[in-house]
Amino acid sequence: MEDRCSSRKRKREKRRRSNSEGRKVSQPKETTTTFKTQRVDGLRQIDEEGKQVSASSAKSGKSQGLSNASSFLDKMRARLSGGHFRMLNEKLYTCSGKEALDYFKEDPALFDVYHAGYQEQMSHWPEQPVNIIIKWLTDHSPSLVVADFGCGDARLAKNVKNKVFSFDLVSKDPSVIACDMSNIPLDSSSVDVSVFCLSLMGTNYPSYLKEAYRVLKPCGSLLIAEVKSRFDPNTGGADPKKFTKAVCELGFSTAFKDFSNKMFILLYFKKKEEQNVKKQIEWPELKPCIYKRR
């Protein structure tokens with residue numbers, strides 16, 4: 001009987017130990033669960049960070065794409081604007097002054113297109129001829145009255161103390177008088193200096209010089225700055241000697257010549273006191289300054 005009781009006690013004790021050990025073994029489940037939770041949270045965090053990085057990259061890519069598109073459009077606009085300028089430039093060199101005046105009267109906005117292209121071309125020149133003329137006037141008396149034929153943006157008038165009458169085909173400034181350069185609204189012998197700064201354009205350019213002669217006082221100065229290629233006989237340009245001779249036959253004497261600049265030439269004349277203008281003058285044809293089409 002005692003043996004049976006002892007045997008039962010041993011079995012109960014054995015089951016108790018087994019259950020106790022089983023509970024101890026099952027405890028790591030909580031740790032495993034915690035680890036899984038942490039891992040899932042970590043993956044979520046990584047996933048969220050990934051989404052943020054992806055969103056940031058997408059935003060950056062979109063910004064870069066917009067920037068590239070904008071740059072492309074700017075290039076296309078510049079190309080179209082440049083093409084329009086070259087078309088207008090060619091027309092001005094191959095038509096008369098009256099035709100050019102009528103052309104811009106129909107659409108004055110084209111004048112802005114032309115001068116925007118003109119300024120772009122001038123920005124590549126190492127030296128601006130208008131600055132040399134400004135210096136010439138600054139070195140002389142501020143009392144000299146000036147007529148600026150083809151003044152553009154009237155830069156000459158804005159940078160000297162002299163009284164300057166500014167003339168061009170279109171007036172975008174109250175100080176600029178719109179007219180044909182062969183018929184400006186000034187009295188004869190009323191100015192001391194006549195200026196043509198890259199403005200002897202048009203098939204009837206001699207009539208511009210005749211008008212400059214008319215408005216100049218005796219001993220007045222005629223200042224001409226022109227694109228050098230127009231006076232290069234080797235490339236189809238006019239012979240500068242023939243041009244100078246024609247101007248002198250109009251009633252001027254040569255005062256100064258400068259061919260040292262790579263881009264333009266400078267020719268200065270003085271109006272003779274005696275009025276003995278030659279009736280038949282052989283004017284050389286000036287080569288149009290036409291830019292190559294791209």
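This is a predicted model: local features need pLDDT of at least 70, side-chain atom pairs count only at pLDDT 80 or more; totals for chains, interfaces and linings use all residues.

Me: In which helix is the place of Gln119?
Reply: Residues are numbered from 1 along each chain as its sequence is written, and side-chain values use heavy atoms, with hydrogens and water left out. Helices (H or I, at least four residues) and strands (E, at least two) are DSSP runs, numbered from the N terminus. By that rule, the place of Gln119 is in helix α4.

Me: Is Gln119 buried, partly exposed or exposed?
Reply: Buried means under 20% relative accessible area, exposed over 50%, and partly exposed in between (1.4 Å probe, protein chains only). Gln119 has a relative accessible area of 38%, so Gln119 is partly exposed.

Me: How many residues does α4 give to the lining of the largest pocket?
Reply: A pocket is an open set of points on a 1 Å grid over the protein atoms alone, where a 1.4 Å probe fits, with protein on both sides within 12 Å along at least five of seven lines; lining residues have an atom within 4 Å of a point. Among the elements that supply at least two residues of this lining are α3 (97-106), α5 (129-139) and β4 (191-197). α4 gives the most, with 6 residues.

Me: What is the volume of the largest pocket?
Reply: The pocket is lined by 31 residues, and those nearest its centre include His115, Asp168 and Cys197. The lining divides into 19 nonpolar, 8 polar and 4 charged residues, where Ala, Val, Leu, Ile, Met, Phe, Trp, Tyr, Cys and Pro count as nonpolar, Asp, Glu, Lys and Arg as charged, and the others, Gly among them, as polar. Grid points are joined across faces, edges and corners, and a volume is the space filled by probe spheres set on the points. For the largest pocket this is about 530 Å³.

Me: Which residues does Gly152 touch, not counting residues up to four places away in sequence?
Reply: Gly152 lies in the loop between β1 and α6. At 17% relative accessibility, Gly152 counts as buried. With contact meaning heavy atoms within 4.5 Å, Gly152 touches His115 and Asp168.

Me: What is the phi of Ala154?
Reply: Ala154 is also placed in the loop between β1 and α6. Its relative accessible area is 0%, so Ala154 is buried. Although Ala154 is not a glycine, its phi is positive, about 60°.

Me: How many bridges join β4 to strand β5?
Reply: Two strands pair if DSSP finds at least two bridges between them. On one side, 4 bridges join β1 (residues 145-149) to β4, and these strands run parallel. β4 and β5 (residues 216-227) also run parallel, with Val193 opposite Ser221. The number of bridges joining β4 to β5 is 6.

Me: How many contacts does the stretch of residues 24-47 have beyond near neighbours in sequence?
Reply: The chain averages a pLDDT of 81, and 70% of the residues score at least 70. Over residues 24-47, however, the pLDDT is below 50. Beyond near neighbours in sequence, the number of contacts of this stretch in the model is 0.

Definitions and conventions. pLDDT is the predictor's confidence in each residue, from 0 to 100.
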